[in-house]
Amino acid sequence: LHNHTMAEDDDSPLEIVYAHGLLVVWNEQHAAQMCAKYRVVGSHTGLTALTRGQPLDPRHRSRRTDRMPLTLAHEEAALLVDKGVATVVEDEGTESRTSNALLSPRVLASSVWRRTDDAQCRRDRLFAWLWSQSEQSYVTGASKFGGDFLVYNGGPPGTVHSEAIVRLLAPGQTCVPVLDMLAFVRLAQAVRKKVFLASVGADGSVSCVAFAGGPRGWNRRIQDVAAPSQKTAV
């Protein structure tokens, strides 16, 4: 065995730990690389979400920081794994994990952690598509804005404001109730964001259309979020 850890090996895959049904990152270097190199930011939920209010597991106490662990959304972890830059491993301390710290944790099969329901698969696909539209785009969740994703152009959250809210339509949905759409658009206008409606086909194709009626002064092109060839009506 080589006397080094994954955190010290630049060629090693980034490590995502599957713990209590969550996908978390304990390694701060890996978390920083996910953001800086792969534009995946996650959320610094700390130990509250991981422990679900229960006493802290003793094996995590030595790793506790103010910000870690970083919790990844399913679509964020799926993107990193699909790109071949990360692996999902079992939580250390389980019976199958050796006590030798030099040994790497066991890599989990995707069937253990990956959701395959239609709703999550469509979220995974849309997230990956939005992420791929620009090397300067960052994508995060948008539940507090009534959408599915926020798109940031030019930098990660905290350095720039998000510019667009993307809502994913249900399979076969061709319209949005008027009152629902009005409330959604008014909220977007209040926070000065563009509105996009997206759909994911059975074949994985993505259609994304901008709502014409953004706040005055908005001059971003749809190409900033959606590829011109895919600007089709929902």
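**Entry 1. Arg 39**

I began with Arg 39, which lies in the loop between H1 and helix H2 (47–51). I note at the outset that the model is a predicted one. I looked up the backbone of Arg 39 and found phi near 60 degrees, a positive value in a residue other than glycine.

**Entry 2. His 20**

I turned to another residue with positive phi. His 20 is not a glycine, yet its phi is positive, near 55 degrees. I located His 20 in the loop between E1 and E2. With a relative accessible area of 51%, His 20 is exposed.

**Entry 3**

I examined how E1 and E2 are paired. Strand E1 covers residues 14–19 and strand E2 residues 22–25; the two run antiparallel and are joined by 3 bridges. Across from Tyr 18 I found Leu 23 in E2.

I next traced the sheet to which these strands belong. In what order do its strands stand? The order is E3-E2-E1-E4, in an open sheet of 4 strands with mixed pairing. Strand E3 (70–72) and strand E4 (86–90) each have a single partner strand and stand at the edges, so one side of each has no neighbour in the sheet. From one strand to the next, I recorded an average twist of 40 degrees.

**Entry 3. Helices on the four-stranded sheet**

I checked which helices meet this sheet. Helix H1 (residues 28–38) lies across E1, E2 and E3, and runs at about 120 degrees to E1. Helix H4 (residues 74–82) also packs on the sheet, where it touches E1, E2, E3 and E4. The direction of H4 makes about 85 degrees with that of E3.

How many residues of H4 are buried? I found 7 of the 9 to be buried, so H4 is largely enclosed by the rest of the structure. The buried residues are His 74, Glu 75, Glu 76, Ala 77, Ala 78, Leu 79 and Leu 80. After H4 comes Gly 84, with a positive phi near 75 degrees.

**Entry 4. The five-stranded sheet**

I moved to the other set of strands. An open sheet of 5 strands has the order E5-E6-E7-E8-E9, and its pairing is mixed. Strand E5 (137–141) and E9 are at the edges with a single partner strand each, so one side of each is left without a neighbour in the sheet. Neighbouring strands here are turned by 25 degrees against each other on average, direction ignored.

I looked at two pairings in detail. Strand E7 (residues 164–168) runs parallel to E8, and 5 bridges join them. Within that pairing, I found Leu 197 in E8 as the bridge partner of Arg 167. Strand E8 (residues 194–200) pairs with strand E9 (residues 206–210) in the antiparallel sense, over 5 bridges. Val 200 has Val 206 in E9 as its bridge partner. The hairpin of E8 and E9 has 5 residues between the strands, and there Gly 204 takes a positive phi near 90 degrees.

**Entry 5. Aromatic rings**

I searched for aromatic pairs and found 1 in the structure. Phe 127 and Phe 149 form this pair, with 5.7 Å from centre to centre and 55 degrees between the planes, and it is tilted. Why does the pair tie together separate parts of the sequence? Phe 127 belongs to helix H6 (residues 118–132) and Phe 149 to strand E6 (residues 149–153), so the parts it ties together are 22 residues apart in sequence. Both Phe 127 and Phe 149 are buried.

I also looked up the face of Phe 145, over which Lys 193 lies at 5.5 Å from the ring centre.

**Entry 6. The chain as a whole**

The protein chain has 7 helices and 9 strands. Of its 234 residues, 44% count as buried. Its accessible surface comes to about 12700 Å², and 50% of this belongs to carbon and sulfur atoms. Taking contacts between residues at least 6 apart in sequence, I recorded that 58% join residues at least 24 apart.

Notes
Residues are numbered from 1 along each chain as its sequence is written. This is a predicted model: local features need pLDDT of at least 70, side-chain atom pairs count only at pLDDT 80 or more; totals for chains, interfaces and linings use all residues. Side-chain values use heavy atoms; hydrogens and water are left out. Two strands pair if DSSP finds at least two bridges between them. Axes are lines fitted to C-alpha atoms, for helices over the stretch in contact, and angles run from 0 to 180 degrees between N-to-C directions. Contact means heavy atoms within 4.5 Å. Buried means under 20% relative accessible area, exposed over 50%, partly exposed in between (1.4 Å probe, protein chains only). Accessible areas come from the Shrake-Rupley method with a 1.4 Å probe; for residues, only the protein chains shown count as cover. Rings of Phe, Tyr and Trp (its six-membered ring) pair if their centres lie within 6.5 Å; planes under 30 degrees apart count as stacked, over 60 as edge-to-face and the rest as tilted. A charge sits over a ring if NZ of Lys or CZ of Arg is within 6 Å of the ring centre and within 35 degrees of the ring normal.
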